[in-house]
Amino acid sequence: MASAARGAKRRHAISRKMLIFFAASLSCVVVLLLLSFFRFHSPKPSISVSRVFDGPPKIAFLFLVRRNLPLDFLWDSFFQNADVSRFSIYVHSTPGFVLDESTTRSQFFYGRQISNSIQVLWGESSMIQAERLLLEAALEDPSNQRFVLLSDSCVPLYNFSYVYNYVMVSPKSFVDSFLDVKEGRYNPKMSPKIPREKWRKGSQWITVIRKHAEVIVDDDVIFSIFKKYCKRRPPIDTSKGKLNLKLQKQHNCIPDEHYVQTLLAMHGLESELERRTITYTLWNQSTTKMENKGWHPVTFGYANAGPQRIMEIKGINHVYYETEYRIEWCRSNSTSVPCFLFARKFSQGAAMRLLSQEVVNHFEVSALLATPP
């Protein structure tokens, strides 16, 4: 009897140990499965880890250029009159191109090229990828609170102090964004990830707050759809003969005129935008042998960059959006302001004329009474 009792007790102890072992093993499996799930399903972490910084908030000037900066002499004058603690500069150029004393006339641009630049083709997704790379680099500095995208033909219309106050006073981004109902650039294959009602169009030249810059950089979903379905139709090539008819039936889409606007609409952020650009462009409709009729930006030369012309641009106080029957009155933090701080496309001769007219280094009476945060 005693032996049987001891045997039963031993078997009970063994069973209990096996049960404990099984429960522990099951717990480990569950934990591993949960870790695996969150590894592959959790959202991509934001590039910007810290929002805490010392000193004043900065504007990050993001230059998207073909190679060098032909108007660096004008920007040098602009930055010379600025507090260096209130701005930073980033340049996306040709891969391997270095900004130094042999490639730029301004020390402000020395070494400011980003190291991971890519080859950019107009009308391709590489254009918006380059914009994302600039934003990603600028987000590494937590003091960068506003991000201004500029081309190599952009010029400032005011001095730094005016630009800084204008941009910093507003809690909103300046993103030209409107309904695209005429050109048929929306590709139905984008649905349901991008529904037609969220499709937007606007100027590539944006100025965004840090929150929106993070949204752009952290995005993987919308960008991948643009890479696949938003592509420029090849231009007409007379040497290809009848093949042009087939090529012209391809869907036509210009990624940089739609990506940011559509992405922010998808995130429900349009109420946080001043839905206009602060970079002026004059458009002209033209036709060439290699292109269909379309709108193209006018290049300002020395002759048409005189004081009267500049004053006309600076005097614009509203923008009309035909597709929405909307008049956008230009405001910054509820204060009426001129619409444009920058303009493009300006030749070197035109930029020299602006410099001689002291457009960027002469004291400007600010219409903004509030001080930046």
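Which exposed residues does the face of α9 turned away from its buried side carry? In this predicted model, local features need pLDDT of at least 70 and side-chain atom pairs count only at pLDDT 80 or more, while totals for chains, interfaces and linings use all residues. Residues are numbered from 1 along each chain as its sequence is written, and side-chain values use heavy atoms, with hydrogens and water left out.

Helix α9 spans residues 307-314; helices here are DSSP runs of H or I with at least four residues, strands are runs of E with at least two, and both are numbered from the N terminus. Its buried residues are I310, I313 and K314, where buried means under 20% relative accessible area, exposed over 50% and partly exposed in between (1.4 Å probe, protein chains only). They sit on the same side of α9 because they cover an arc of only 95° around the axis, the arc being that of the directions from the helix axis to the C-beta atoms. On the face turned away from that buried side are the exposed Q308 and M311. The buried residues of α9 pack against β10 (279-281) and α10 (348-356), with contact meaning heavy atoms within 4.5 Å.

Now for strand β2 (residues 87-92): 6 of its 6 residues are buried, so β2 is largely enclosed by the rest of the structure. F87, I89 and V91 point one way, S88, Y90 and H92 the other way. In a regular strand, side chains alternate between the two faces of the sheet. Strand β1 (residues 58-64) pairs with β2 in the parallel sense over 6 bridges; pairing takes at least two DSSP bridges between two strands. F61 has I89 in β2 as its bridge partner.
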